[in-house]
Amino acid sequence: MTHADDQHRGIAATRLGESELIRELENIHRSRHDTLLHGSAAALSAHTTRMAELEEEYLRRHPDRPVSAGRTRAGARAREHRD
């Protein structure tokens, strides 16, 4: 990746420290809705690509991250039956 690519897409997710990766994820998730509603097709595509890169790196680093029972398919079905 060239320096120009770094400026356009940001630093490769694999090169980010842990705190930088978390910060980038927080920022990209915060800006997603606005990009979807108001960004050009190119902006949305770039945003999607970068978001996937960051999320994949997070999952690679944290394969055993805790998963909330309510965020699983079974948990969603249990909520449906309570409502």
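I take a helix axis as a line fitted to C-alpha atoms over the stretch in contact, with angles between N-to-C directions running from 0 to 180 degrees.

Entry: I find that the axes of α2 (residues 18–38) and α3 (residues 41–61) come within 10 Å and cross at roughly 145°. I noted the hand as well: α2 passes α3 in a left-handed crossing.

**Entry: who meets whom.** I listed the residues on each side of this pair. From α2, the contact takes in E18, L21, I22, E24, L25, I28, H29, S31, R32, T35 and L36. Facing them from α3, I have A43, L44, H47, T48, R50, M51, L54, E55, E57, Y58 and R61. Sorted by type, the residues of the α2–α3 contact are 10 nonpolar, 5 polar and 7 charged.

**Entry: the whole chain.** I count 4 helices and 0 strands in the protein, in the order α-α-α-α from the N terminus. Next I checked contacts with a separation of 6 or more, and 56% of them join residues 24 or more positions apart.

**Entry: surface.** I see 17% of the 83 residues counted as buried. The accessible surface comes to about 6400 Å², and carbon and sulfur atoms hold 53% of that.

**Entry: confidence.** I read an average pLDDT of 87, with 88% of the residues scoring at least 70. Residues 1–7 have a pLDDT below 50, and this stretch makes 8 contacts in the model beyond near neighbours in sequence. A reminder to myself: where pLDDT is low, predicted coordinates should not be read in detail.

Conventions:
Residues are numbered from 1 along each chain as its sequence is written. This is a predicted model: local features need pLDDT of at least 70, side-chain atom pairs count only at pLDDT 80 or more; totals for chains, interfaces and linings use all residues. Side-chain values use heavy atoms; hydrogens and water are left out. Helices (H or I, at least four residues) and strands (E, at least two) are DSSP runs, numbered from the N terminus. A crossing is left-handed if the near helix is turned anticlockwise from the far one by less than a right angle, and right-handed if clockwise. Contact means heavy atoms within 4.5 Å. Ala, Val, Leu, Ile, Met, Phe, Trp, Tyr, Cys and Pro count as nonpolar, Asp, Glu, Lys and Arg as charged, and the others, Gly among them, as polar. Buried means under 20% relative accessible area, exposed over 50%, partly exposed in between (1.4 Å probe, protein chains only). Accessible areas come from the Shrake-Rupley method with a 1.4 Å probe; for residues, only the protein chains shown count as cover. pLDDT is the predictor's confidence in each residue, from 0 to 100.
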